[in-house]
Each structure stands twice: as structure tokens, then as C-alpha cells.
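Trainee: I would like to go through this model by its side chains and secondary structure. Please give the cut-offs as we go.

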Amino acid sequence: MGAASVSEYVASLNEEQRRYVSAFIDFMSAEYPQVIPKISFSMPMWLLVKKMYEGYVAVSAAKSHFSIHFSDEEFLNRLSESLPACKKGKRCINIPYGDEESLHAVEERISDFLKIYHFEGSSSL
């Protein structure tokens, strides 16, 4: 059975996975505190409205990379074009562990993604 909470999910990860997934969770908590993550599809997910199909951001860990998931395929396509070191998965961008530059580039673009859903956060980005 998967994790029941975000803290359980993070605790289940190895040290490297935990470092990067926690960094993204901390970023979202600091920049968008009004959006509370919950476990959905066995990963931390931030729903922008009430339903998943109305917009989401999520994060998950894999063996050699971590993934940041987006509900908008067009946004994801544009994002992946700007990140040559990363591979695009199904509605996600796969960032190799150790690639701090790509992680920060994705974080900088989160506000652009949220604007698609008319979501105004407290972010100063």
C-alpha cells in the first residue's frame, strides 16, 4: 500500500530522492502556501481547483530521476524544449538527480503554469 500522507511519501524515499522531492515540496509550500499537497496517484499533488482535471502539479521519485507532473500538455511541451538535459514523460518532465539548474528552471516557470488556470499565488516569481 502507498503512502497515506506527503510526509509518509517523503519518508519512504532514499536520501537522494528525498533531497530533491523535498526541495520541490518546500518550494511549493513557500511560494504557494494556499495550495496544500495531498497524496493522489501515489505521489504528492497540488490541485489548483477541486478536481484533478481542472489543473494540478505533482512530484514523484524514480531510480535515476525525479518527475514534476503537469496537467497541461502544451505547457509541458514548451517546458521540455527549454530543458535539453531532461526527458519528457507522460505529462511530466524527468529531471536527473544532481541537475539543480533544471530544477530551478522548472520552479521559475511554475507561475507561468499556474496562470493558465487563472491561479494567482503569493509567489514573487
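Trainee: What does K88 count as by relative accessibility?

Mentor: The relative accessibility of K88 is 39%. Buried means under 20% relative accessible area and exposed over 50%, with partly exposed in between (1.4 Å probe, protein chains only). K88 therefore counts as partly exposed.

Trainee: What kind of model is this?

Mentor: Residues are numbered from 1 along each chain as its sequence is written, and side-chain values use heavy atoms, with hydrogens and water left out. Local features need pLDDT of at least 70, side-chain atom pairs count only at pLDDT 80 or more, and totals for chains, interfaces and linings use all residues, since the model is predicted.

Trainee: Which side chain meets that of K88 in a salt bridge?

Mentor: A salt bridge is a side-chain nitrogen of Lys or Arg within 4 Å of a carboxyl oxygen of Asp or Glu. For K88 the N to O distance is 3.4 Å, and the partner is E73.

Trainee: How many residues apart are K88 and E73?

Mentor: Helices (H or I, at least four residues) and strands (E, at least two) are DSSP runs, numbered from the N terminus. K88 lies in strand β5 and E73 in helix α3, so the pair links distant parts of the chain. The separation is 15 residues.

Trainee: Which residue is linked with E73 and K88 in a network of salt bridges?

Mentor: E73 itself is partly exposed, at a relative accessible area of 30%. The network has E73 and K88 as members, together with R91.

Trainee: How many salt bridges does a search of the whole structure find?

Mentor: One of them joins E100 and R19 at 2.7 Å, N to O. That pair, E100 in helix α4 and R19 in helix α2 (residues 15-31), links parts of the chain 81 residues apart. Another joins D112 and R109 at 3.3 Å, N to O. The search finds four.

Trainee: In which helix do D112 and R109 both lie?

Mentor: D112 is partly exposed at 35%, and R109 is partly exposed at 24%. The two residues are three apart, about one turn of the helix, and that helix is α4.

Trainee: Within what arc do the buried residues of α3 fall?

Mentor: In α3 (residues 73-81), F75, L76, L79 and S80 are buried. Seen down the axis, these residues line one face of the helix, because they fall within a limited arc. The arc is taken over the directions from the helix axis to the C-beta atoms. Its value is 130°.

Trainee: Which elements do the buried residues of α3 pack against?

Mentor: Contact means heavy atoms within 4.5 Å. On the other side of α3, E74 and E81 are exposed. The buried residues pack against β4 (65-70), β5 (87-89), β6 (92-96) and α4 (100-116).

Trainee: Which residue caps the N-terminal end of α3?

Mentor: A polar contact is a pair of N or O atoms within 3.5 Å; within protein, one must be able to donate a hydrogen and the other to accept it, and residues adjacent in sequence count only if both atoms are side-chain atoms. Here a side-chain oxygen lies 3.2 Å from the backbone nitrogen of E74, and the capping residue is D72.

Trainee: To what does the count of disulfides come?

Mentor: A disulfide is a pair of cysteine sulfur atoms within 2.5 Å. For C86 the nearest cysteine sulfur, that of C92, is 11 Å away. C86 is buried at 9%, and C92 is buried at 6%. The count comes to zero.
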